[in-house]
Amino acid sequence: MPLAQPATPARLRFAVLGPLTGEADGRPLALGPLKQRLVLAVLLSRANTAVPVDLLTDAVWPEEPPRTARKNLQVYICTLRTLLGRGDGPDRLVHSAAGYLLRVAEPELDLLRFRALARAGRAAADGGALAPAARLLRQALDLWQGPPLADLRRSPAVEAEADRLEARCLGVHEDWAETELELGNPGAVAEDLAELAERHPLRERLQAARMNALHLSGRQAEALAVYDTHRQLLARELGLEPSPALTARYRELLARGRSLPTAARPERGAGPNGAALLPADTADFTGRTDELRHLVDELGEGGGRVAVLSGPAGCGKTALAVHAGHLLADRFPDGRVLVRLRAEDGTARPLPEVLAELAVLTGRPGAAPVAPVAPIGTVRLAPAQGPEPGPEPGPGPGDTARAAALWRASLAGRRLLLILDDAPGEAVVRELLPGCGPSAVLVTSRSQLAGLASVRRVAVPPLAPTEALDLLGRIVGTGRTGADRAAAARIVAACGLLPLAVRVAGTRLAVLRHLPLAEYAARLEDPAGALDELVAGDVTVRARLDSGWRDLTDRGRLALARLAALPLALLFTLPEAAAALGRPERLALRTLEALTDTGAVTSPTGEVTAHAALYALPRLTHLHARERAVEAVRAPAPT
């Protein structure tokens, strides 16, 4: 008698990009009662990822789960295991300490296929293959059959998953639209986005793409109307203004006729004249809406305008300056250039070296040739190679003054944005500022550079807690931070809400996928080891804090070390600071003001009298100063 052959596993297909459906070998699957479908919907929307039991419970019983909830959930899981089958491979639906995980291959779930096509499309666009990119992104969008999980949105947890999926679809739609605009197909984009933009009127990138498409289709009045409608809606619903980028585009449309699209993607090339010699923009740039608005309004007018971004090490000044530089592309047709005013070791670069670099970068006639350098995001001069025949005298004061005067004269008829990054003081900056003409300058510095007159100063504070959580989620994945939002909030708080620290922490977590957020939060909350944890490859928060420490005078370092003896993360008063410093209050006040100028001390209570003011040491600065306190307190007391 022949042996029975094992049954061939059914070919399964599931869809969540529309109503929840399932098929086995092309035949519809009966997915069971409502509560069982809710469990399956959440598992599929987070396919191949462990879903916490609490999340599944909330999806099925959003208000008050019964006492038998866990047992009922196990029944639904058991029924789904039978429905899914095992076949010859491992179990599809498994349980672990982290929750339930549903194993699904890419051809079996439309969501996984959508993600794969979207990734391929974005990669093609980044590589300059625009036509294949548009085709792949369109294929991804064609998988959608309507609002995701539309039949199950009575459950708030499922609705949240559906909203997350829809947001991802909108992002791909925007990618597709911008790619088609670069290919010169505005008509298709304008028609495709019309209904979508109406359904999502607060989605600014979507409105910008539609505005560009209408403008490039010759429908100027409609393009301007899109902006005006969006502006009024933001003001009415949220009390906000459109972003600086969208406002800049609107002003450009007012000032110009038909022009090339300005897609919201990084520039793919740069040259010495009229181009962007800037580092790449930060793909996951987060927050800073008010600061960006101030910068665009101030610098966009040109005319010798100067803005200073000030704040402590790690607060994101350079990233903000670079982002603003990319947003202001249309205002500065003669180019945007970033030059660093410090060497790699944190010391100030000599003015002649900076002037020589600027002459080469901006193509100023008569610039002396220099050795080529390897691209590292910002163009830097390389030291001469090979053995030196002997020391040569550097340029004298007269030569340097003449070079600075030539530099300023070269800006007279040019509309150029100059970003002077990490200025150690006013002296070098003052020599580089244009005396007249339409160019503008953006300076970043830990100090407020109080010696510079007629400049717009913009303080760069830590991120808001929601912004810091958003940044962390973009790096490690919103699913991971959403699964333990409390631990994610502890992480960003322990990072002092500083973008650099949050980015380093996120990168570390992205590499250490096995590390629970709660465990890492506990490590960061330990004062003895927090700075040791904030390391990602060759990027360390301690190195930035070391640089800020070296910028202080001996007296400033000693004062900061003594203030570090105060309780961690607590505000303190002037009398408390005076007691810690061992100085009279009038002298302690001067010390606090000097440290505030460097960003080492903050005063979060705003404008009040000195005796009523409250002061704080940022958490990571506080921890770093404690590390340095042992060596600092051995120094002689300031006189």
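A residue counts as buried under 20% relative accessible area, as exposed over 50%, and as partly exposed in between. Arg199, at 48% relative accessibility, is therefore partly exposed. Its salt-bridge partner is Glu195, and the closest N and O atoms of the two are 3.4 Å apart. Glu195 has 53% relative accessibility, so Glu195 counts as exposed. Please keep in mind throughout that this is a predicted model.

Both Glu195 and Arg199 belong to helix α7, which spans residues 186-199. They sit four residues apart there, about one turn of the helix.

## Salt bridges around Arg523

Side chains of opposite charge can pair when their charged atoms come close. The count for this structure comes to 37 salt bridges. Arg523 takes part in a salt bridge with Glu519, where the closest N and O atoms are 3.0 Å apart. Because Glu519 and Arg523 are four residues apart in helix α20 (residues 517-525), about one helical turn separates them. Glu519 is partly exposed, with a relative accessible area of 39%, and Arg523 is partly exposed as well, at 29% relative accessibility.

Arg523 also forms a salt bridge with Glu533, with the closest N and O atoms 3.5 Å apart. Here Arg523 lies in helix α20 and Glu533 in helix α21 (residues 530-533), so the pair ties together parts that are ten residues apart in sequence. Glu533 has a relative accessible area of 14%, and so is buried.

## A network of charges

Some of the charged residues are joined in a group. Arg122, Glu174, Asp175, Glu178, Arg203 and Arg205 are linked in a network of salt bridges. If you are browsing the model, these six names are a handy selection to display together.

The largest nonpolar core holds 71 residues. Which of its members touch the most others? They are Val16, Leu20, Val39, Leu43, Leu44 and Leu109. Helix α6 (residues 156-182) gives the most to this core, contributing ten residues.

Setting aside residues up to four places away in sequence, Leu44 touches Phe14, Val16, Leu20, Leu102, Val104, Leu109 and Leu111. There is also a second, separate core, made up of 56 residues, with Val296, Leu328, Val492 and Val502 among them.

## A nonpolar patch on the surface

Leu202, Leu238 and Leu240 form a nonpolar patch on the surface, and together they have about 270 Å² of accessible area. Leu240 sits in the loop between α9 (220-237) and α10 (244-255). Its relative accessibility is 44%, which means that Leu240 counts as partly exposed.

## An aromatic pair

The structure holds three aromatic pairs. In one of them, the rings of Phe114 and Trp144 have their centres 5.5 Å apart. How are these two rings arranged? Their planes are at 80°, so the pair is edge-to-face; planes over 60 degrees apart count that way.

## A buried glutamine

Gln207 has its place in helix α8, which covers residues 204-216. Is Gln207 buried or exposed? With a relative accessible area of 6%, Gln207 is buried. Leaving aside neighbours within four places in sequence, Gln207 is in contact with Ala197, His200, Pro201, Val226 and His230.

## Two aspartates with positive phi

Two loop residues have backbone angles worth a look. Phi of Asp25 is near 55°, a positive value in a residue other than glycine. Asp25 lies in the loop between β2 (21-24) and β3 (27-28), and is partly exposed, with a relative accessible area of 33%.

Asp422 has a positive phi near 60°, again in a residue other than glycine. Its loop runs between β9 (417-421) and α15 (426-432). Asp422 has 19% relative accessibility and counts as buried, because the cut-off for that class is under 20%.

Technical notes. Residues numbered from 1 in each chain as written. Predicted model: local features only at pLDDT ≥ 70, side-chain atom pairs only at ≥ 80, totals over all residues. Heavy atoms only, no water. Core = buried A, V, L, I, M, F, W, Y, C linked by side-chain atoms within 4.5 Å. Buried < 20%, exposed > 50% of the residue type's maximum accessible area, 1.4 Å probe, protein only. Contact = heavy atoms within 4.5 Å. Patch = residues over 30% accessible without salt bridge, like charges linked within 9 Å, V, L, I, M, F, W, Y side chains within 5 Å. Areas by Shrake-Rupley, 256 points an atom, 1.4 Å probe, with all protein chains shown as cover. Salt bridge = Lys/Arg side-chain N within 4 Å of Asp/Glu carboxyl O. Phe/Tyr/Trp six-rings, centres within 6.5 Å; stacked < 30°, edge-to-face > 60°.
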